[in-house]
Amino acid sequence: MIRHIVFFSARADEDVDAVRSGLQLLGSIPHSSVFEVSLNTKVDPLCDAVDVVVYAEFADQAALAAYKSHPIYAEATRKVRPLREMRYSADIVSR
């Protein structure tokens, strides 16, 4: 299983909801077994730069690749990219 975790920050505070809404489109892509978009609670006093987190689980690399090549992925990217400042992604293999 692959856990896909992506952290986003919005360029402006007023864009956080639009970033979250744009990322929620990704949940309609059928290749993940788990998919969540959440606002960061920002309770860590050392870093509150992350506004929105995407968490998804995929059976394997092929499922993750199919997710990233889906047309909805491109649509979400077009909507979110102009609104975001930072994006960090991590894909980890879990058993």
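# Notebook: rings first, then the whole chain

**Entry 1, aromatic rings.** I searched the whole structure, which is a predicted model, and found two aromatic pairs. Phenylalanine 58 and tyrosine 67 make up one of them, with ring centres 4.8 Å apart. Their planes stand at 55° to each other, and I noted this pair as tilted. I then looked up tyrosine 67 with tyrosine 73, where the ring centres are 5.4 Å apart. Here the planes meet at 70°, so I wrote this pair down as edge-to-face. The cut-off I needed is that planes over 60 degrees apart count as edge-to-face.

Which residues do these ring pairs link into a cluster? I listed Phe58, Tyr67 and Tyr73.

Tyrosine 67 has a relative accessible area of 1% and is buried. Phenylalanine 58 is buried too.

**Entry 3, the overall fold.** I stepped back and looked at the secondary structure. I noted three helices and four strands in the protein chain. Reading from the N terminus, I get the order β-α-β-β-α-α-β. The radius of gyration is 13 Å, close to the 12 Å that the globule rule gives for 95 residues, so the chain is as compact as a globular protein of that length. Along its principal axes, I found that the C-alpha trace spans about 35 × 30 × 15 Å.

I also looked at which parts of the sequence meet. Among contacts with a separation of 6 or more, 74% are between residues 24 or more positions apart.

I looked up the accessible surface, and it comes to about 5800 Å². Carbon and sulfur atoms hold 53% of that surface. Of the 95 residues, 36% are buried. How many positive and negative side chains does the protein chain have? I noted 11 positive and 13 negative ones, and the centres of the two sets lie 7 Å apart.

I picked a residue from strand 3, which covers residues 52-58. Alanine 56 has 0% relative accessibility, so I put it down as buried. What does it touch, leaving aside neighbours within four places in sequence? My list for alanine 56 reads Ile2, Arg3, His4, Ser32, Val34 and Phe35. I also checked alanine 56 against serine 9, which is 47 residues away along the chain, and their C-alpha atoms are separated by 18 Å.

My next stop was strand 4, residues 84-93, where arginine 87 lies. Its relative accessible area is 32%, so I called arginine 87 partly exposed. Not counting residues up to four places away in sequence, arginine 87 touches Val6, Phe7, Phe8 and Tyr73. Tyr73 is a name I had already written down for the ring cluster. Arginine 87 and alanine 10 are 77 residues apart along the chain, yet their C-alpha atoms are separated by 9.3 Å.

Most residues other than glycine have a negative phi. I found that lysine 42 has a positive phi of about 55° although it is not a glycine. Where is lysine 42 found? I traced it to the loop between strand 2 (34-39) and strand 3. With 35% relative accessibility, lysine 42 counts as partly exposed.

Notes:
Residues are numbered from 1 along each chain as its sequence is written. This is a predicted model: local features need pLDDT of at least 70, side-chain atom pairs count only at pLDDT 80 or more; totals for chains, interfaces and linings use all residues. Side-chain values use heavy atoms; hydrogens and water are left out. Helices (H or I, at least four residues) and strands (E, at least two) are DSSP runs, numbered from the N terminus. The radius of gyration is taken over C-alpha atoms; the globule rule is 2.2 Å times the number of residues to the power 0.38. Buried means under 20% relative accessible area, exposed over 50%, partly exposed in between (1.4 Å probe, protein chains only). Contact means heavy atoms within 4.5 Å. Accessible areas come from the Shrake-Rupley method with a 1.4 Å probe; for residues, only the protein chains shown count as cover. Lys and Arg count as positive and Asp and Glu as negative; His and the chain ends are not counted. The place of a charge is taken as NZ of Lys, CZ of Arg, CG of Asp or CD of Glu. Rings of Phe, Tyr and Trp (its six-membered ring) pair if their centres lie within 6.5 Å; planes under 30 degrees apart count as stacked, over 60 as edge-to-face and the rest as tilted.
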